[in-house]
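Reader: I would enjoy a close look at one part of this protein, taken slowly and with its surroundings included. Could you walk me through it?

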Amino acid sequence: MILSQTLEQLANYCKQYGFVFPGSEIYGGLANSWDYGPLGVQLKNNLKQTWWESFVANNPMNVGLDSGILLHSDTWVASGHVNGFQDPLLDCRVCKSRFRADKLIETHSKGTVDADGWSISELTEYIQIHKLKCPVCGNMDFTEIRKFNLMFETHMGVIEDQKNTIYLRPETAQGIFLNFKNIQRTSRKKLPFGIGQIGKAFRNEITPGNFVFRTREFEQMELEFFTVPGTELDWFAYWKDFSRRFLIGLGIQEDHLKFYDHPQEKLSFYSNATTDILYQFPWGFDELWGIASRTDYDLKQHQKHSGESLEYLDPETNEKFLPYVIEPSLGVERLFLAVLNDALTEEMVPATNEMRTLLKIDKRIAPYQVAILPLIKKQHQEFSLDLYQTLLSKVNAVYDDTGNIGRRYRRQDAIGTPFCVTVDGATLEEKSVTVRHRDTMVQDRVPIRELADYLNDQLKG
Ligand code: GAP
């Protein structure tokens, strides 16, 4: 991580190398929307795959799910989103800017006041007593505070009326609760067990921003882990530690992470423990991953609203009960931002006294693992392209023959490619290539017949 790296520099880097582009750019842009380019989609997929392996595929306790984005609208009444998923908003009458009242107070108090969860009268009183001004135009003329629901609403079918109102899911979790019975029956899992899901979520955020940190369309990787009541806090501690180790395993520095345990009096009424894993983003420590002990709230609510029993029958005691749930919930884009921020660095190359941009990213999640580079395009292109085709089925590979070899090495360093394979004159005679290591810049000569195994060993190591 470059200590002085600003978010703007990170966003520029992402645009320059093809990780992230501003959304709908040719139409002048769509505010706070982003498209992921060739390197961005590759990195995102690698992050999702690593999460899936750790939390689902290679985890004997858990299974996976891919539920719909559109769910029965009663889902969101039962979950509390229709009545409770709201932000307190107010407008400046002079310049028409719109703000979240709690955020306005937090900014004004320089973070010393946490107004999250305050009632409308508490927020109004604070704003009046402290004579808060509009941060945009400096006037003190706000509208009354009103609640604004964050769910995107649409209509199913052709007729627009109240009866067929449907919502884009604001979290993937509820699809898991709706399928709890189906999955328990078909997988024959016994408590404790978990159901993991990766998918898009949508929130009409009032204050999106900080690049891809808070957007209206994003992806979540969520696990709902079902436990026997009374054991849930042990499992809460287990998943907190598991999640922290997952991040460190991705190469994030331990001292760039912090746990924030929500104080008891600030917990949602249904939660008996909640912790955020905070990461040191360029603007300071902020939420990366939410981990909550949600008791039996969600299952109880869906049981009540659907009329279907969602109880678990314990095969040993023959007792029926609703399991208690632990939920580690992580945003793909926040992880993407944290990983890039942690890995991006600049260093002096002693041999040339030049600075190089280096993405020191974990080999497993690097967008490309190997770059194939012909030393001289005219002489070595054909052989290099054949080698590229062969390696493509084994590793994430890229081919590049544009510019001099030094520049091409620098570009691969900057996008985090751990190995560059250079095809040169000796390759054709001796049937060997040069493998250059990203971090050390050390070069090894490797016989072509051993190349795939060599790269495999290095990537595993
Ligand atoms: N099911 C629980 C849940 O959705 P949350 O704290 O609202 O909890 C979980 O969201 C995680 O999803 C957050 O820690 C964050 O990583 C990600 N997230 C939430 N809102 C986001 C947004 N608007 N943009 C990007 N990521 C978001």
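In what order do the strands of the open sheet of 7 strands run, and what pairing does the sheet have?

Author: Happy to. Please keep in mind that this is a predicted model. The order of the open sheet is β3-β9-β10-β16-β13-β12-β11, and its pairing is mixed. At the edges are β3 (62–65) and β11 (257–261), each of which pairs on one side only. From one strand to the next, the twist averages 25°.

Let us settle on β10, which covers residues 217–227. In the sheet order, β10 stands between β9 and β16. With β16 (residues 324–331), β10 runs antiparallel, and 6 bridges join the two strands. If you want a place to start in the viewer, find Thr227, which stands opposite Tyr324 in β16.

Now pick out Leu223, a residue of β10. Is Leu223 buried or exposed? Leu223 is buried, because its relative accessible area is 0%, while the cut-off for buried is under 20%. For a distance along the fold, take Thr172: Thr172 and Leu223 are 51 residues apart along the chain, and their C-alpha atoms are separated by 9.4 Å.

Next, look at the helix that crosses the sheet. Helix α9 (residues 232–249) lies across β3, β10, β11, β12 (273–281), β13 (284–293) and β16. Its direction makes an angle of about 145° with β13.

For Glu222, a polar side-chain atom lies 2.6 Å from a nitrogen atom of the ligand. Thr215 contributes through its backbone, with a polar atom 2.8 Å from a ligand nitrogen atom. At Gly290, a backbone N or O atom lies 3.5 Å from an oxygen atom of the ligand. The ligand taken alone exposes 550 Å², and the protein buries 88% of that.

In α10 (residues 297–306), the buried residues are Tyr297, Asp298, Leu299, Gln301 and His302. Their cover includes β10, together with α3 (74–78), α7 (173–178) and α8 (180–187). Just after α10, you will find Gly307 with a positive phi of about 80°.

Finally, here is the wider setting. The protein chain has 15 helices and 23 strands, and 49% of its 461 residues count as buried. Among contacts with a separation of 6 or more, 64% come from residues 24 or more positions apart. The C-alpha atoms fill a box of roughly 80 × 65 × 50 Å along the principal axes. The accessible surface of the chain is about 22800 Å², and 50% of that belongs to carbon and sulfur atoms.

Note on methods: Residues are numbered from 1 along each chain as its sequence is written. This is a predicted model: local features need pLDDT of at least 70, side-chain atom pairs count only at pLDDT 80 or more; totals for chains, interfaces and linings use all residues. Side-chain values use heavy atoms; hydrogens and water are left out. Helices (H or I, at least four residues) and strands (E, at least two) are DSSP runs, numbered from the N terminus. Buried means under 20% relative accessible area, exposed over 50%, partly exposed in between (1.4 Å probe, protein chains only). Two strands pair if DSSP finds at least two bridges between them. Axes are lines fitted to C-alpha atoms, for helices over the stretch in contact, and angles run from 0 to 180 degrees between N-to-C directions. Contact means heavy atoms within 4.5 Å. A polar contact is a pair of N or O atoms within 3.5 Å; within protein, one must be able to donate a hydrogen and the other to accept it, and residues adjacent in sequence count only if both atoms are side-chain atoms. Accessible areas come from the Shrake-Rupley method with a 1.4 Å probe; for residues, only the protein chains shown count as cover.
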